[in-house]
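Reader: Could you show me, step by step, how one reads the places where parts of a structure meet?

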Amino acid sequence: MELDELKNIWKSNEPGYTLKGEEELAIMLKGNSRSIISKLKRSVWFELTLTVGVGIALLVYSLTLPSGAMKWTSIFLLMLVAYSFYYVKKLTLLNQFESTHENIRANLEKLIDNLTSYLKFYKRSYAILYPIYFFLGLFFIALERGTSEFIILLKQPRTIITLIGLAVFFFICSTWLTSWYLKKLYGNHLDKLNALLKDLKSDQSVVS
Amino acid sequence: MAIGEEKNFINLINEHQGLIHKVCIMYENDRDARNDLFQEIVLQLWKSFSSFRGEAKITTWMYRIALNTAISGFRKQTRHIKTEDLQEVHMNISDSWGDEQEENFQKLQWAIRQLSEIERAMIMMALEEVAYEDIAETIGITQNNVRVRMNRIREKIRKLMLP
């Protein structure tokens, strides 16, 4: 069957669709994108706004504390800066995703690079955040019990073994959970993009 | 963006909306998903409209954005109809087709949907009389490669359309 025959068949019938009116098209332009990337961006913006709002409220509150104001203000400020950086970095990476004006191959290459970088950043940030939470937990216990008592407790072999055991357990669980979650969210899409690019590249090398 | 620019854009989409509808039909199975994809393509075109400087043909630019959105756009996964399901649908339709022209058209549409996403993009453009040069530019491969692939696609369709 020649291409011209296929063209004749194709032109003999128009696929069924209803044309959109100008008003409907104008409304579409006012709407939000329903792509997962746009949804992710909206969600990150919401989290960033919430973090900044809650962070500022906690800072104001900690400044009014009768004792330990400096200590708590520093902790909240540190957390606010760290989380703001985390969300801004996420937004920067997400903004690079939508580049549909390039050809399909270039767009696929860019998407794969961006998605891989995004996933790496996601994994690394959690790999860093979990130990921070762990040490912050220890720090709070030290504050509660008193530093000298806490150091005595830390010197006991049983405490050291328990802490190492807990740290390893939480690190393995959190790393596994993050990897599983990311694979579930983006893994299939990344596999699909890689397969499409592989298909395009393999044929190119055969022809040239 | 200015109101005049919006008006120009809407006129452009209005004039070429058949192209977007056809891409949606090629890549989505149900009506809701097609409407979502249509809106997504229009939004992506609108985002890029100000940067379009007429270096490429307007339809080439539209195909590029529409196909990129359909193929690699990270949208909600819709249930993909299995080949066996489609085969069943194909058989059922065959029984009730009266007109030969209509039957061939339905068979062709069904056969195209069996192809890979890249192949679908290529055959769709070829059927819409897009030049091989523009197909190569849209996909990002050489014209030689387009020719080789088109022969293979044609052969696949021929086999799929056999009674």
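Predicted model: local features only at pLDDT ≥ 70, side-chain atom pairs only at ≥ 80, totals over all residues.

Reader: How many residues of chain A are in contact with chain B?

Author: Two residues are in contact if their C-beta atoms, placed from the backbone, lie within 7 Å. Here, 40 residues of chain A are in contact with 55 residues of chain B.

Reader: Which element gives the largest share of the side of chain A that touches chain B?

Author: Helices are DSSP runs (H or I, at least four residues), numbered from the N terminus. The largest share, eight residues, comes from α7(A), and among the other elements that supply at least two residues is α2 (22-30) of chain A.

Reader: How do α2(A) and α2(B) lie to each other?

Author: Two packed helices are described by the angle between their axes and the distance between the axes. Axes are lines fitted to C-alpha atoms, for helices over the stretch in contact, and angles run from 0 to 180 degrees between N-to-C directions. The axes of α2(A) and α2 (residues 31-49) of chain B come within 9 Å and cross at roughly 70°. The two helices are therefore roughly perpendicular, a term for angles of 65 to 115 degrees.

Reader: Which residues make the contact of α2(A) with α2(B)?

Author: L25(A), M28(A) and L29(A) meet Q39(B), V42(B), L43(B) and W46(B) there.

Key:
Residues numbered from 1 in each chain as written. Chains lettered and ligands numbered in written order. Parallel < 35°, antiparallel > 145°, perpendicular 65-115°, else oblique.
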